[in-house]
Each structure stands twice: as structure tokens, then as C-alpha cells.
Amino acid sequence: MTSELIVDVQPSKKMSIALLEDKRLAEYQEEGLSEHFAVGNVYLARVKKIMTGLNACFVNVGYERDAFLHYLDLGEHFHSYEKLLERAAKGRVGRLSAFPRQADLDREGSIQNTVKTGQDVLVQIVKEPISTKGPRLTCEISFAGRYLVMMPFSNKINVSSKIKKRGERARLKQLISSIKPEGVGIIVRTVAEGQGASELDNELRGLYQRWQKMVERLQQSPERPLLVYEETSRAVGLLRDLFNPSFANIYVNDAPTYRQIRDYVSMIAPERIEIVKHYRGNVPIFDNFSVTRQIRAAFGRSVTYKHGAYLIIEHTEAMHVVDVNSGNRSLSEVDGGQEGNALEVNLGAADELARQLRLRDMGGIIIVDFIDMSEPEHRQMLYERMCENMQKDRARHNILPLSKFGLMQITRQRVRPPQEVSVEEQCPTCGGTGKIKSSLLFTELLEEKIDQLTKKHRIKKFRLHIHPFVAAYVNQGIISLAHKWHARYGWGWKIIPNQSLSYLEYRFYDEDGQEIFMNNERDMQ
């Protein structure tokens, strides 16, 4: 299997990241460039309210809803962080390696006897805001790298349980203990298997520098809440967790993000630096790599897979519900009649569902209503197929065998809201009224806008993005409409087909990729 990462950055709007496995969309993430509540960010925040009954408190981290912090998430090193904040307020932290570690927190204690309203706490986001709930927090700070995770005030060294070889586990543990600074604990990640001392030492030094810079930041500002450590961008974070030898290409359409990713790859795998490529094509990057088409096909309430079978996916506050339907398949298509047909549809549904869970980042409880099967070996085969498909999923999950009602229950780690992409297009011409101007007038509108740009605003170089069908229409013929427009208004601008636009929608962009707005009205209403 070969993997490709496609990063689409739209200036001042959003970043979209698509992971392709053998050219097929496997993961998709999208976030606004103004959003800062990423998992891993560390804040110097203030306790807002104590909830004695929940043994928890609410903390102000700058989000519209206060974040939730349970007593058990204070962590055993909470008193050490309290001492750190006390010294940071006075500007007398000193050497971190010699910082006096305080007594561990009593796990049987209560929140009201540990923190008080208005107290400063150092917290890290472990779950992003979901629906009506604010972020979920922990006081057990950690810094994640590709090979290692570093935890201040701990002295433990743990090796990933997925590294099975005893000799390798012992080697890694001994190696880390010889290079580890005092006053920090280390978790060795699975990808560290087989790595040498120089790679692990370099990363450990980088993680320790992040810890030092965060402490310096604590002493600089009285502002609360204060972002003292920001996790790497989502593109780099995803790359950190996914990068492996199967990566063939990483395409980025934005120069700063390209440099950021290139710098990261040069650090973790300098011999693979050539796979990071700056995409400069005129066609939108997602259109060029067929990502837009796959997004339109994969998201939505109904998802079709092989031979006309389809899934119906519903999201509720408490859980996700998936219904498997055989569609227009006939019993003659497979051997075994109804039972054989049900087995084939269900196995195909297991393949597609595992992909959909990753693609949409669905978490919490997922209930799947498969087509009923009477044979116990078929039910076991379906369960094993689902478990096998989910092995590629990085999120923690648990799968239960089919119940007697044909239902499968899955729980999957949820740290951010499920990825929802609207694949339904609102009519760009009537706005829901059902009445539109003639579509024949659309080309006249486009020419009017081009005339306005080139003559009134004196903009000679720009790109006009329109739907591919409209682009085909204006480019058809030897003396096409596009040719006439170029002859009339100059040859410094281009027409770009864009699959993400509605039929009669258009966008103008300047040379730097910034959208050009001429007015705020909906021209075709």
C-alpha cells in the first residue's frame, strides 16, 4: 500500500488534509485557520467553578463554554505543578532538572480540598469541544514526538506494548535511561522500534526544549487564560502519527505550510525529503488528485459501496447509528441464496464502515444494524472481518460480536467532533425561492465581471474559477467565448474548472490566491 498526503490551505479560511491509501480517500480533516483549541495545547488557566457532586471543576481556557477537569485528571504530579506556578509567579523557577518534586496527589481525595475558585492551574486539552460540551482537560502534561512522549515530573520509562520482542524492549528501555534528563518520564512509541541512539536523543532534546520554553512563557505574562504551549499544526501532527515508508508523496499548495512540513520531514527522515512537494498547478489541488469527487461520494447520510449496497449513517447526541442495506442486489448474483447474499453485503459493509469511521472520525458509541444471518460461522466471520479492518485505525476502539438481534456495538475514542462535510448544494441562483433568471444570462454576467475587473479595477492578472460544465461551455469551439473574452480583455487571466463550486457559482482569485470581492450581492438572484 502506498500513501499520499494532500494538504489544501485556503488563505485566511481553512486547512483541509486528505490521506490517500492506494489513491483512495482514507482520512480527511478540516479546520478553520482561526481555531486554536487543538488537542495537546497547554494553557495557564483559572478555576471558574467547583462541582463537588461531580468531584470536578470547570476551568476558563478562553472558550465560550468552560472546560471540564475531573479530580482524577489532576494527575499524581499536581502538587509539583502547583509549586512550579508558585515559583514562576515570582520568577524563580531555577534549573528544571533540579526542581524539587512534591508529594504525589492522593487518588482518593476530593476536588474541593485540592483546588479553589480563582486558582491558577496548568492544563492540557485532551478532548476538543464537542456539541454543547466544552473541552476536556488534564493536568498531567505531556509532549508528544514521533518516537517518544515526554512527561515532566515523572521518572518512569514505559515501552509500547505493541513492541513484542523482549530484547528490543530491553534495549530501548536501557537506551532511554542512559540519555533521559532528570525529572522527566518517557513513553517509547511503537515506531521507535529499531531506531538508534542518535534519532531518539535528538527527539528527546527537542521535547525537553519545548518543556523549557513553556516554563519561560509562564513567567512572561499575567494574562489568564494564557496559551503557553501550542501543539504543532494539524498537518504536522497527522504526519507525526502516520508517517511510514509507504508514504510516496506529500503535496502542499501553500508555501509556509510546505516549508513547515519539509522541515519536519528533514528532521525525522532526511533521506525522504524529496517526497514533500509544493503544488503550484492552476487546477485546485483537491480536484487535481480526485479528492473532491471522493469527498462528495463518501460523506452524506447515504454511502453506496459495491454492487449497489449502501449504508445509512445517522448521528445523534449519544451515539452513531448505521443501517446496512442490500440495495438493488438480486439473489442470483451470489451462491448461497439469501444467506450468501446477506454475508457478502455484510462483509462489504464491514470494509466500508471501517473506512467511514476513520474518514469521519466518528467516536463514542456506534451501533451497526447488519442484515440478519442465521449461520453462526457467518456471524463469526463478520466479527473477525470487522476486527481485522479496524487494526489500521489509530484511535482506541472496542468491538463486540453480533447480538442476537444482528446488532454490532463499537466504541471508538473521541477526542474531537466527528468530521461532517455537507455534500448537498444550495441553489446558488434562487436561494430557495424556486425562481431564477435564465441560465443563458450567466455567461453575460461573467463577462460583465471580467470587464469590471480589467477596466474599472485595473486588475489584469487573475483566475476565474467556475464549475467544470460551465468551463466546458465557454471553451467549446474554435472561436470560443473564452477566446473572445481574452481578445477583448487581455490574455493575463485564466479560466479554472473547480469541482467544489455549484453549477452557476463563480470565484475570482488574484495572483496570490486571495479571493477578489467586488460586491456583496448574490448576482443571479
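This is a predicted model: local features need pLDDT of at least 70, side-chain atom pairs count only at pLDDT 80 or more; totals for chains, interfaces and linings use all residues.

Student: Which residues have the most contacts inside the largest nonpolar core?

Tutor: The general idea comes before the case. In soluble globular proteins, nonpolar side chains tend to be buried together. Here the largest nonpolar core has 37 residues, and Leu84, Leu122, Leu148, Met150 and Trp211 have the most contacts inside it.

Student: Which elements each supply at least two residues of this core?

Tutor: Several helices and strands do, among them α1, α2 (166–179), α3, β4 (42–51) and β10 (148–152). The most comes from α3, which gives eight residues.

Student: What is Trp211 in contact with, leaving aside its neighbours within four places in sequence?

Tutor: Trp211 is in contact with Tyr81, Leu84, Leu96, Phe143, Met150, Pro152 and Phe153. There is also a second, separate core of 28 residues, which includes Ala354, Val368, Leu402 and Met408.

Student: How many aromatic pairs are there?

Tutor: The count comes to 15 aromatic pairs. To read one, look at the distance between the ring centres and the angle between the planes; an angle over 60 degrees counts as edge-to-face. The rings of Tyr81 and Trp211 have centres 6.5 Å apart and planes at 80°, so this pair is edge-to-face. Tyr81 is in helix α1 (residues 78–90) and Trp211 in helix α3 (residues 197–218), so the pair links distant parts of the chain, 130 residues apart.

Student: Are Tyr81 and Trp211 buried or exposed?

Tutor: Buried means under 20% relative accessible area. Tyr81 is at 3% relative accessibility, so Tyr81 counts as buried. Trp211 is at 2%, so Trp211 counts as buried too.

Student: What kind of aromatic pair do Phe143 and Tyr229 form?

Tutor: Phe143 and Tyr229 are edge-to-face, at 5.0 Å centre to centre and with 75° between the planes. Phe143 lies in strand β9 (residues 143–144) and Tyr229 in strand β13 (residues 226–229), so the pair ties together parts 86 residues apart in sequence. Both residues are buried.

Student: Which residues do ring pairs link into a cluster?

Tutor: The cluster holds Tyr81, Phe99, Phe143, Phe153, Trp211 and Tyr229. One of these rings also has a charged side chain over it: Arg87 lies over the face of Phe99, at 5.2 Å from the ring centre.

Student: Now a helix. Which residues of α9 are buried?

Tutor: In α9 the buried residues are His378, Leu382, Met386 and Asn389. They cover an arc of only 80° around the axis, which puts them on the same side of α9. The face turned away from that buried side carries the exposed residues Pro376 and Glu388. As for length, α9 (residues 376–389) has 14 residues and reaches 20 Å from its first C-alpha to its last, close to the 20 Å expected.

Student: What covers the buried residues of α9?

Tutor: The cover includes α8 (337–360), β20 (397–399) and β21 (407–412).

Student: Where does Ala298 lie, and is Ala298 buried or exposed?

Tutor: Ala298 lies in helix α7 (residues 291–298). At 2% relative accessibility, Ala298 counts as buried. Leaving aside neighbours within four places in sequence, Ala298 is in contact with Val303, Arg355, Gln356, Leu359 and Arg360.

Methods. Residues are numbered from 1 along each chain as its sequence is written. Side-chain values use heavy atoms; hydrogens and water are left out. Helices (H or I, at least four residues) and strands (E, at least two) are DSSP runs, numbered from the N terminus. The expected span of a helix is 1.5 Å times one less than its number of residues. Buried means under 20% relative accessible area, exposed over 50%, partly exposed in between (1.4 Å probe, protein chains only). The arc is that of the directions from the helix axis to the C-beta atoms. Contact means heavy atoms within 4.5 Å. Rings of Phe, Tyr and Trp (its six-membered ring) pair if their centres lie within 6.5 Å; planes under 30 degrees apart count as stacked, over 60 as edge-to-face and the rest as tilted. A charge sits over a ring if NZ of Lys or CZ of Arg is within 6 Å of the ring centre and within 35 degrees of the ring normal. A nonpolar core is a set of buried Ala, Val, Leu, Ile, Met, Phe, Trp, Tyr and Cys residues joined through side-chain atoms within 4.5 Å.
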